[in-house]
Amino acid sequence: MTSVLRLCRKCGAEIFADAPEELCTACVLETGLAILPEALDGDGNFAPAPHTKIAAHAAKMLGDLGDYELLEEIGRGGQGVVFRARQKSLNRTVALKVIGLGQWATKAHLKRFRREAEAAASLDHPCIREQAI
Amino acid sequence: MLEAQGPTPAAQAALEKLCRTYWRPIYSFVRRQGIGPEEAEDLTQGFFALLLERRDLSAVRKEKGRLRSYLLVSLKHFLADERRRTMAIKRGKGQRLIALDEVRANERAEMEPADPLTAERIYERRWASTLLEQVLRRLKDEYQATGNAALFDRLKQLLPDEPGAPSQADIAAKLGMAENAVRQAFHRFRQRYQLLLRDEIAHTVATPSDIEDELRYLVSVLRA
């Protein structure tokens, strides 16, 4: 009979020698449950071609912000949200940071946001894209 | 979804592929009926032969769109028919219907009579592990094809989120990568795993909306 290889250190289940990749089947399947949002389309369904579908959906949902067409959210920080966007006038793809508080941002918030942007713009390195404030 | 339906050559090929993939849960169920290994192999082959002969999985919808449930119900009917047929042939000859051979060396403990798991539970657990095996094989093939077999072997250890597993820093040191690069690589790895998992389940359910339910069900079967 197939021997028990070991017990799972997370859930205590027996891991048999013929378990897929010698991993705990239950724990690995459970990891699959917590689907990353990037893998779903706008209706919450599995999207077989994530990059094209999600980008298209995001563009549809996000709309425009001035000269920028928001394509997708790529990150969030303490102060704001970063989007992948297309600058329409120059037809180039940029990373656009938008202050998270929007219309509720106070003067102090805006000052801090601007200070951060100026600090970032002063950096000069081949790996850093030029900054526009 | 279930492209194995209908009489086209593509559907036939898809059905054959499903049979090759999911023979193990079927075989395990047959064995749990107290049937010896050789006979169980014959019955498994016979069951799939009949399924392929019918060339039709449209009845899957009757089982709430689950190939897993459909195959189990069909198998029970098939075994009942076989039992009746064999009884008719052997009636009066004083022969034992089924020879209870010793359990084969490579079979799991759950096959043993003392095991409290029911045949259906064994079938479902086998189904879940076969599915996962399939998904991880596809993922591994993709990494191997791009020369990243070693990366696969390391990153897979992170999937169950098991305490005591190597950390991302350990993996980075082993592979000579930056820790940040390992973190990004694992993010992609996990994302790809989740996509392949759903793609694989999609072959066994009737509509996309059934995928999440089927996945949750399989997890609950393993946790029961």
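At what angle do the axes of helix α7 and helix α8 of chain B cross? In this predicted model, helix α7 (residues 168–175) and helix α8 (residues 179–202) of chain B have axes that come within 8 Å and cross at roughly 110°. Angles of 65 to 115 degrees count as roughly perpendicular, and α7(B) and α8(B) are therefore roughly perpendicular to each other.

On the α7(B) side, the contact is made by Gln168(B), Ala169(B), Ile171(B) and Ala172(B). The α8(B) side contributes Glu179(B), Val182(B), Arg183(B) and Phe186(B). Of the residues in this contact, five are nonpolar, one is polar and two are charged.

The next topic is aromatic rings. A pair of aromatic rings is described by the distance of the centres and the angle of the planes. Over all chains, the count comes to 10 aromatic pairs. In one of them, the ring centres of Tyr22(B) and Trp127(B) are 4.0 Å apart and the planes are at 15°, so the pair is stacked. Tyr22(B) sits in the loop between α1 (9–21) and α2 (23–32) of chain B, while Trp127(B) belongs to helix α5 (residues 119–145) of chain B, so the pair ties together parts that are 105 residues apart in sequence. Tyr22(B) has 1% relative accessibility and counts as buried; Trp127(B), at 0%, also counts as buried.

Trp127(B) also pairs with Tyr123(B): the centres are 6.0 Å apart and the planes at 40°, so this pair is tilted. Tyr123(B) and Trp127(B) are four residues apart in helix α5 of chain B, and so are separated by about one helical turn. Tyr123(B) is buried, as is Trp127(B). Ring pairs link Tyr22(B), Phe29(B), Tyr123(B) and Trp127(B) into a cluster.

Key: Residues numbered from 1 in each chain as written. Chains lettered and ligands numbered in written order. Predicted model: local features only at pLDDT ≥ 70, side-chain atom pairs only at ≥ 80, totals over all residues. Heavy atoms only, no water. Axes fitted to C-alpha atoms, helices over the stretch in contact; angles between N-to-C directions. Helix = DSSP H or I, 4+ residues; strand = E, 2+ residues; numbered from the N terminus. Parallel < 35°, antiparallel > 145°, perpendicular 65-115°, else oblique. Contact = heavy atoms within 4.5 Å. Nonpolar A, V, L, I, M, F, W, Y, C, P; charged D, E, K, R; others polar. Phe/Tyr/Trp six-rings, centres within 6.5 Å; stacked < 30°, edge-to-face > 60°. Buried < 20%, exposed > 50% of the residue type's maximum accessible area, 1.4 Å probe, protein only.
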